[in-house]
Amino acid sequence: MKYVVVSGGHGRLGKLIVPWLKDNGLEVYAPTRGELDWSNELAVHDAVRRADAVLALASYTDVIGAQKDSAKCVADTVTTAQVTIRAVKQTGASLFYISSDYVEAVLQASAGSGVYAASKMVAEQLVLNAGHFAARVAF
């Protein structure tokens, strides 16, 4: 049985995906934010050590709030992606990062795309450059 670790498994998208993964025969570990700090290198490495795959859903989601607290947005999006990339590199697991359609606004240099979209784009590129997978969704 394949073992999948899901960050953000209790968020809006995670609540839809985790049951589907389980219904399709996968063993899933989806810790809550309180159970696992995805910016903690040792804790993340420990969490993904047996994983065949990691599905990265967790990130900062307050688009407007990102403009006011850009450091929190970057920490919750870019830093957690970097930590997860390093952890899966050590374990050999595949990483699937879920990004946002807001990245398109950055790519098109649209006004108002802001910190949220830029942080998602940076995390996306880090994941892709590490040889893993990213998908943009509108949700």
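Tutor: First, a definition: a pocket is an open set of grid points where a 1.4 Å probe fits, with protein on both sides within 12 Å along at least five of seven lines. Lining residues have an atom within 4 Å of a point. Also, this is a predicted model.

Student: OK. What volume does the largest pocket have?
Tutor: About 840 Å³.

Student: And how many residues line the largest pocket, and which lie nearest its centre?
Tutor: The lining has 33 residues. Nearest the centre are Gly 11, Leu 57, Ala 58, Ser 59 and Thr 61.

Student: Which elements give two or more residues to that lining?
Tutor: α4, β4 and α6 (114-129). Helix α4 gives the most, with 4 residues.

Student: How do the lining residues divide into nonpolar, polar and charged?
Tutor: 14 are nonpolar, 12 polar and 7 charged.

Student: Back to α4. Where does it lie?
Tutor: Helix α4 (residues 70-91) lies across β3 (53-56) and β4. It runs at about 165 degrees to β4.

Student: Switching to the sheet. What's the strand order?
Tutor: β2-β1-β3-β4-β5, an open sheet of 5 strands with parallel pairing.

Student: Which strands stand at the edges?
Tutor: β2 (27-29) and β5 (133-137). Each has a single partner strand, so one side of each is left without a neighbour in the sheet. The twist averages 20 degrees from one strand to the next.

Student: Over how many bridges do β4 and β5 pair?
Tutor: Strand β4 (residues 94-100) pairs with β5 over 5 bridges, in the parallel sense.

Student: What stands opposite Tyr 97?
Tutor: Ala 134 in β5.

Key: Residues are numbered from 1 along each chain as its sequence is written. This is a predicted model: local features need pLDDT of at least 70, side-chain atom pairs count only at pLDDT 80 or more; totals for chains, interfaces and linings use all residues. Side-chain values use heavy atoms; hydrogens and water are left out. Two strands pair if DSSP finds at least two bridges between them. Axes are lines fitted to C-alpha atoms, for helices over the stretch in contact, and angles run from 0 to 180 degrees between N-to-C directions. Contact means heavy atoms within 4.5 Å. On a 1 Å grid over the protein atoms alone, a cavity is a set of points where a 1.4 Å probe fits but cannot get out, and a pocket is an open set with protein on both sides within 12 Å along at least five of seven lines; lining residues have an atom within 4 Å of a point. Grid points are joined across faces, edges and corners, and a volume is the space filled by probe spheres set on the points. Ala, Val, Leu, Ile, Met, Phe, Trp, Tyr, Cys and Pro count as nonpolar, Asp, Glu, Lys and Arg as charged, and the others, Gly among them, as polar.
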